[in-house]
Amino acid sequence: MKNKAFGEMNKKIGREIGMILGADFFKGKIVQIDFKKKVIRFLEKSPVDYNSLKLKVASAIQQPLLFKMDQLYRTFYAVELTMPVVEGITFNGVKIRAFFDTGSAFPVLISPAATKEHALAPVPEKGSSKVGQIKSMNLSGYEIPEVPVMLFGREAGFDESLKEYGAIIGLGIMQNFTVTFDWDEKMVLLN
Amino acid sequence: MLKTSFAILFSLTFISSHCLAGEIPFTLEKGFIIIAAKIKKDIPVKAAVSTGSPHSYLNPDLIQRHKIRLGYTSDGPVTGRNDKLTHLAEVRR
């Protein structure tokens, strides 16, 4: 979500939004977003023991999907944050670094660099974006077919390099899960 | 030239809301997660949760309306050319 978002957001929602809570507010906290019950929980400890979970070879369905967040960001006041950018998500079979962004409504946004590099679709024209669809998306073993995506052209607001991230996972995907952002252990869990 | 950043950053020391048993209810409005909160003891605000934003922000209209005092700092090294300012507000419960 960009800094100038208030006007746009207020217009879209139809009332005033007074603040945006970003990653600096959640630093070190464990935040669980339960879309089914429509509640946010601040947990005192991680909902799973990551070490034992990694060792288990049990039913994949029962296990949460785990992702390590690894994108460091240094604020201008010299605080280091870890943004929820993860590996382990594939789009049409190719791995693309993806950013879990609750400020994005659309299921998936794809950068022009990722679209071009992996030939996912024709890259939209400079300064434009268009809605498309990808055949499959795989979240650490959990397959989602026919995912709506927003494809961006160059200079359309998504010009990050592939090393940073090439996809944004929005609420359209996240709302199918209970999502835990564990900023203590730097993990994202999908249940 | 000195540019003032449009970004209004704040460090939220505490948020109070309709919290029941550690759970904060939210609504999904046009694709945004919205929670009810209060700042400066009794100013109710609606807050959007955005994990994609590194910083937290206060709505400039809210700052003006409630006369929230701002500090400021430079955003990046000051070189005397294209310097940027970011305003900060510490918002207590």
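Which residues does Leu21(A) touch, not counting residues up to four places away in sequence?

Modeller: The model is a predicted one. Leu21(A) touches Ala47(B), Val49(B), Ser50(B) and Ser56(B), when residues up to four places away in sequence are not counted. Leu21(A) itself lies in strand β1 of chain A. Leu21(A) counts as buried because 25 other C-beta atoms lie within 10 Å, and the cut-off for a buried residue is 20 or more. Within chain A, the C-alpha atom of Leu21(A) is 9.8 Å from that of Gly103(A), although 82 residues separate the two along the chain.

The strand that holds Leu21(A) also pairs across the contact: β1(A) and strand β5 of chain B, residues 57-58, run antiparallel and are joined by 2 bridges. In β5(B), Tyr57(B) stands opposite Ile20(A).

The view may now be widened to the whole contact. Chain A contributes 40 residues and chain B contributes 37 residues. On the side of chain A that touches chain B, the elements giving two or more residues include β1 (19-21), α1 (5-13) and β5 (80-86) of chain A. By class, this side of chain A has 26 nonpolar, 7 polar and 7 charged residues.

Finally, the partner chain deserves a description. Chain B has 1 helix and 7 strands, in the order β-β-β-β-β-α-β-β from the N terminus. Of the 93 residues in chain B, 31% are buried. Among the contacts in chain B with a separation of 6 or more, 49% are between residues 24 or more positions apart.

How values were computed:
Residues numbered from 1 in each chain as written. Chains lettered and ligands numbered in written order. Predicted model: local features only at pLDDT ≥ 70, side-chain atom pairs only at ≥ 80, totals over all residues. Contact = placed C-beta atoms within 7 Å. Helix = DSSP H or I, 4+ residues; strand = E, 2+ residues; numbered from the N terminus. Nonpolar A, V, L, I, M, F, W, Y, C, P; charged D, E, K, R; others polar. Pairing = 2+ DSSP bridges. Buried ≥ 20, exposed ≤ 12 C-beta atoms within 10 Å, placed from the backbone.
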